[in-house]
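Please look over the chain shown below before reading on, and keep it in view while you work through the points.

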Amino acid sequence: MAELPNDGLLARLQQAQDRIEGLKAAGTDMTSPEARRAVNTLITQIRHAPPEVLAAFNAWKEAQGYR
């Protein structure tokens, strides 16, 4: 099966979310510059994602137990 053009975007969304969750788990202040960059990266990617990628991302987050 050929890779869809948006498969890379889904992977980037997942990596960004994993980064945020890792910062939370490490006890990082979520108002720190590092955490704000991580959140802003995710938000920017979400804004550019088509609905089908967002649906897949939300399903993945739910399966991971992320909010």
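In this predicted model, Gln 45 has its place in helix α2. Gln 45 counts as buried because its relative accessible area is 17%, and buried means under 20%. Apart from residues up to four places away in sequence, Gln 45 touches Leu 9, Arg 12, Leu 13 and Ala 16.

**The pair α1 and α2**

- Two packed helices are described by the angle between their axes and the distance between the axes.
- For helix α1, which covers residues 7-25, and helix α2, which covers residues 33-47, the packing angle is about 155° and the axes are 9 Å apart.
- That angle makes α1 roughly antiparallel to α2, since angles over 145 degrees are counted in that way.
- Where α1 and α2 cross, the crossing is left-handed.
- On the α1 side the contact involves Leu 9, Arg 12, Leu 13, Ala 16, Gln 17, Arg 19, Ile 20 and Leu 23, and these meet Glu 34, Ala 35, Ala 38, Val 39, Leu 42, Gln 45 and Ile 46 in α2.
- Sorted by type, the residues in this contact of α1 with α2 are ten nonpolar, two polar and three charged.

**The pair α1 and α3**

- The axes of α1 and α3 come within 10 Å and cross at roughly 40°, and this crossing is right-handed.
- From α1, the residues Leu 9, Leu 10, Leu 13, Gln 14, Gln 17 and Asp 18 take part in the contact, while α3 contributes Val 53, Ala 56, Phe 57, Trp 60 and Lys 61.
- The residues of the contact of α1 with α3 divide into seven nonpolar, two polar and two charged.

**Salt bridges**

- Side chains of opposite charge can pair when their charged atoms come close.
- The count for this model comes to two salt bridges.
- One of them joins Glu 34 to Arg 19, with the closest N and O atoms 2.2 Å apart.
- This pair links distant parts of the chain, for Glu 34 lies in helix α2 and Arg 19 in helix α1, 15 residues apart.
- Glu 34 counts as partly exposed because its relative accessibility is 35%, and Arg 19 also counts as partly exposed because its relative accessibility is 41%.
- A salt bridge is also formed by the side chains of Glu 21 and Lys 24, at 3.7 Å from N to O.
- Glu 21 and Lys 24 are three residues apart in helix α1, so they are separated by about one helical turn.
- Is Glu 21 buried or exposed? With a relative accessibility of 17%, Glu 21 counts as buried, whereas Lys 24, at 45%, counts as partly exposed.

**Ala 49, in a loop**

- Ala 49 has its place in the loop between α2 and α3, the latter being residues 51-64.
- Because its relative accessibility is 11%, Ala 49 counts as buried.
- Although Ala 49 and Leu 9 are 40 residues apart in sequence, their C-alpha atoms are 7.3 Å apart in space.
- When neighbours within four places in sequence are left aside, Ala 49 is in contact with Leu 9, Leu 13 and Leu 54.

**Lys 61, in α3**

- Lys 61 is found in helix α3, and it counts as buried because its relative accessible area is 15%.
- Between the C-alpha atoms of Lys 61 and Gln 14 the separation is 8.1 Å, while along the chain these two residues are 47 residues apart.
- Not counting residues up to four places away in sequence, Lys 61 touches Gln 17, Tyr 66 and Arg 67.

**The chain as a whole**

- The chain contains three helices and zero strands, and from the N terminus on its elements run α-α-α.
- Taken along the principal axes, the C-alpha atoms fill a box of roughly 40 × 20 × 15 Å.
- Of the 67 residues in the chain, 28% are buried.
- Among the contacts in the chain with a separation of 6 or more, 60% are accounted for by residues 24 or more positions apart.

Notes. Residues are numbered from 1 along each chain as its sequence is written. This is a predicted model: local features need pLDDT of at least 70, side-chain atom pairs count only at pLDDT 80 or more; totals for chains, interfaces and linings use all residues. Side-chain values use heavy atoms; hydrogens and water are left out. Axes are lines fitted to C-alpha atoms, for helices over the stretch in contact, and angles run from 0 to 180 degrees between N-to-C directions. Helices (H or I, at least four residues) and strands (E, at least two) are DSSP runs, numbered from the N terminus. Angles under 35 degrees count as roughly parallel, over 145 as roughly antiparallel, 65 to 115 as roughly perpendicular and the rest as oblique. A crossing is left-handed if the near helix is turned anticlockwise from the far one by less than a right angle, and right-handed if clockwise. Contact means heavy atoms within 4.5 Å. Ala, Val, Leu, Ile, Met, Phe, Trp, Tyr, Cys and Pro count as nonpolar, Asp, Glu, Lys and Arg as charged, and the others, Gly among them, as polar. A salt bridge is a side-chain nitrogen of Lys or Arg within 4 Å of a carboxyl oxygen of Asp or Glu. Buried means under 20% relative accessible area, exposed over 50%, partly exposed in between (1.4 Å probe, protein chains only).
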